Amino acid sequence: NNYMKPLSLAALLISINLSFVNANPFEDEHRSLLSGGEAAAEVSVVEKYTCKSIIAIGKIRDSGGKGGFQTTDNTDASNKQGGRSLRKGEKKSARSNKEDKPNEPDEDFVCELEDGSVMTIEATDEQLREMRSALRDGNLVSQVSTMEVDIMAQPPEEQLQAVKGGEAIRARVNGDEKKAAKLPPGSIKLRTKKRRLAEHAQRRLGTLFRTNRMLVILVNDIDEKKPPFGADETSDKIFGTYGDQENPSVQLSGCSNNQTSLTPDSGDPAINALMDAPGVVEVDIAISIRPFDGATIENAAIEAANEKLGIRLPGMFDFVAIVIEDCLDSNECGFAAYAYLNSWKSLYVKDYYTYPAIITHELGHNVNLGHSGLAQTYDDWSCSMGNPLWADHLDKMCFNPAKNWQIAHHGAWYVEHKLLLDPKTTPVSSHRLVGVSEYGLIESSYPTALAVMKLETRTSTDFFVGFNRANRQNADNRLASNEVTLITAGNNGEGYSESTFIAGLKQGESYVISDFGGSKEDLTVTVNKIDTSSSPGYADVSIVFGDGSSTPAPTPYCSGKWLKVAVDTDNYPSETSWEVFDKCDNDAVVMSVVEGQYTKAGERYERDKCVADSRYEFIIHDEFGDGVCCSWGSGAYSVEYGDKVVVSGGEFGVYDKITFGSCINSPPTAQPTNKPTTSSPTKAPATSEPTAAPTNVPTKAPTTPPPSAKPTSEPSAAPTTNAPTKVPATPPPSAKPTSEPSAAPTTNAPTKAPVTPLPTALPTAIPTSQPTPTDVGDDSGGGTFREYTTPNIGEANDKAKGVIFTITAKSKDVIITALGIVGVGKDAKNSDVQVYSHSGSYEAFPDDRRGRGKSGRGRGRGKRSSRLFRSSIAAWDEYFEDKVMLNPQEIVDIELDEEITIPAGGTVSVYVLSKKGVSYKASDSNEFDGYAESDDFVLKVGTATKKEFKQTEKLADFAGRIVYETGIAA
């Protein structure tokens, strides 16, 4: 993505005219998304290929101007933006702002190959619109979603990039002649793995927790065109290496309260020594940057840097910036920079990479932040993701409340002082806001103040409120300075979305959002007071839903506190359940609703009880794992304790939880005999002073939900039977290893899965000396690629929907790249296949064991709780999901989407599922006993299941093949 500098009137009219010319939705002409939209040359299909991922980028044309507000004074632009600052007593509807021209999407897309290089995608206008819409809806997640494309070979004359000394220089991608990826005709067909979506969708936001390693690549092309500044000056301007303090590292540190910064240090002295200056390398590429071909230039620059540093980028670097001189002979590049969303790469032209605010803007895209606009995409001057500051001495502008919420939602920067407010549940409330530039002063001055607040609409589009304090690292702000800003954004404010500036409010001003969340009621945001003379400065606001004047029914006397749980169901009410535990009374269940108890979709259900003043834990579950909002209905939940809403929301995965209250030595309080049925709040706040924002609202769910009751004691030893008595003490990791694979594939497209005929006969028992795995190659790190076929393959006479088993590595790391499995029945069948894994030994499943191994020894036969079942699902990561032609007479290898890594001496659990069934051997041993081993790992007895994560049956020995790579011995 990139930022647009203001167009001249003539250029704007020309661009508008061209946009109408090219707006035919029925046009079937494929366009190159990285080469200006020109029609693609005649090409021929070479092969079909599934991209490792689809990556969203953006490129937008500009007139070469520097943009507005170039002075260093802190101009208040709010009164120049359509009168969105309202005087006391005035009210304006947010609906009226929608009459402005909506923000136009500008993202384009590339296909990422297995080796990390990219390929230009060609698509019709309609397909491009579909992809942009899917990106905003969260159905396409940049660098996560995949799709199948047709790889096209371009004619030789289209590949000529430059001629030097009479020799034709051809562009190359991954060492091959130039190719492009074309979407098949018709609607796009995305594949985004649902169970890993929450984990991977915002994975780049993890970079906001630390000092990030950044590498800058200065490109010198075959025509000796190179950036205007050398390595030393570049290092100084970006990292402050030689004293420049107006740099993006200082800016990120200031906006994040010192949680994030940039460093040129790779962490490896040998690599640092190969750089031309700290954090900077200069490379030569054997192609011209003109005419511009982004994918080809990026690939060439990355390949040259890899060769110079002896690594595979990104490697240890969190961000990599590529810099070229320019891209058009007319000296009008058409864009200043672009970045890959939710990724690590960006590209800059001319001297724009020396502007700190421009770097900050592009790094925002790298961590999955979208643009911010007002009437158009780039005219929000209150946020770095709008129109940033165009000079190397202007850098002090942070992000707006919508972006701040997205960052805080994923556990970074402002997590301790954010609030999700559902006005439909809490119709009247007051709050104190402090600007993010003074976030570090909140705890010592106003510990209950907020940095950002989300107003939950129960739709995918919500509103966000913050105080735009214009000082310190936000001193160069240009819109609504020292005002309360109201921003709207889609994707629930949690994923990629463009945001829109709605209003900047001064003291005494109000703003009315009509038909808030489709409720037919107005919501009014009023600024009661703004004080910039104190340190920190603050703004007091009140939020009123409807008229705020409803009188609640009298509340029966309660000597303790009222505990109230309200749930608005989604389209699948029976999937929702919840429990409240008393943490001071051995996790006694205080209130609960089980699965199936809610039966009506879109209905409000309420439970309340007079309880003792204690410490409680509330856990809400969704059986399908998609929460109660917002994909399948606009559900929500809230919990009130005493006179305060401690949590409200609806967007979660398998579960959400919060702990509130504190333990005191007071007896439980008896529930009164009567209680009003009204759902009205007990009382509106009497003053405009801010109430304490709940500080214990959870920012994200833990990896594994706690058990429904406290265990009585820790186990004194490993279980003496084959039945584990409790969940493993160490929770599995919540994410896949982040390291890059040690070797790139040798081809761009996967070859056909190999098949191996089953032997006609095999020994009936495991031999005392196990077969040696077959070596199939060496990796660059000193390990070996190997294949291991289990010796029981000829005895795989049982079938099930799924087989779960464990593998323990010996003295070396084991990295599994593929699994070979055998189908069932008489003929080959096309089956939906999934492969899951998680670290450590697997947990028990909820259903009763209907069969046992031949030894008659099992884990136990009683049903497990549904909470344990859900915990089990949450712990698993999906490594493969696709249709596979399985054969009952052959082993079919399934290449995993990501490797399963087992550290030396470690154990992982693997779960293989096939809709049409998978063959296995019923075990004669105890569960978790070793039944086969190679030189590198031990396979252990597992179990078969009749359904996905349900109905365990016989003890099972996995039968098939494991393709893996070994690391260096520990």
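1. A residue counts as buried under 20% relative accessible area and as exposed over 50%, with partly exposed in between (1.4 Å probe, protein chains only). Of this chain's 970 residues, 55% are buried.

2. This is a predicted model, in which local features need pLDDT of at least 70 and side-chain atom pairs count only at pLDDT 80 or more, while totals for chains, interfaces and linings use all residues. Residues are numbered from 1 along each chain as its sequence is written, and side-chain values use heavy atoms, with hydrogens and water left out.

3. The chain holds 13 helices and 51 strands. Both are DSSP runs numbered from the N terminus: helices are H or I with at least four residues, strands are E with at least two.

4. Now the contacts (heavy atoms within 4.5 Å). Take those between residues at least 6 apart in sequence: 77% of them join residues at least 24 apart.

5. The accessible surface of the chain is about 38,700 Å². Carbon and sulfur atoms account for 50% of that surface. Areas come from the Shrake-Rupley method with a 1.4 Å probe; for residues, only the protein chains shown count as cover.

6. How many salt bridges are there? A salt bridge needs a side-chain nitrogen of Lys or Arg within 4 Å of a carboxyl oxygen of Asp or Glu. The count by this rule is 32.

7. Look at Glu 483 and Lys 506. Their side chains form a salt bridge at 2.6 Å, N to O. Glu 483 sits in strand β24 (residues 483–489) and Lys 506 in the loop between β25 (499–505) and β26 (510–513), so the pair ties together parts 23 residues apart in sequence. Glu 483 is buried at 1% relative accessibility, whereas Lys 506 is partly exposed at 23%.

8. Next, Lys 583 and Glu 617. Here the salt bridge spans 3.8 Å, N to O. Lys 583 lies in the loop between β30 (576–582) and β31 (588–593), and Glu 617 in strand β33 (residues 615–622), so this pair ties together parts 34 residues apart in sequence. Lys 583 is partly exposed at 21%; Glu 617 is buried at 4%.

9. Arg 786 and Asp 935 also pair up, with their closest N and O atoms 3.9 Å apart. Arg 786 is buried at 13%, and Asp 935 is partly exposed at 43%.

10. Which residues form a network of salt bridges? Asp 422, Arg 458, Lys 564, Asp 568, Arg 604 and Glu 606 are linked in this way.
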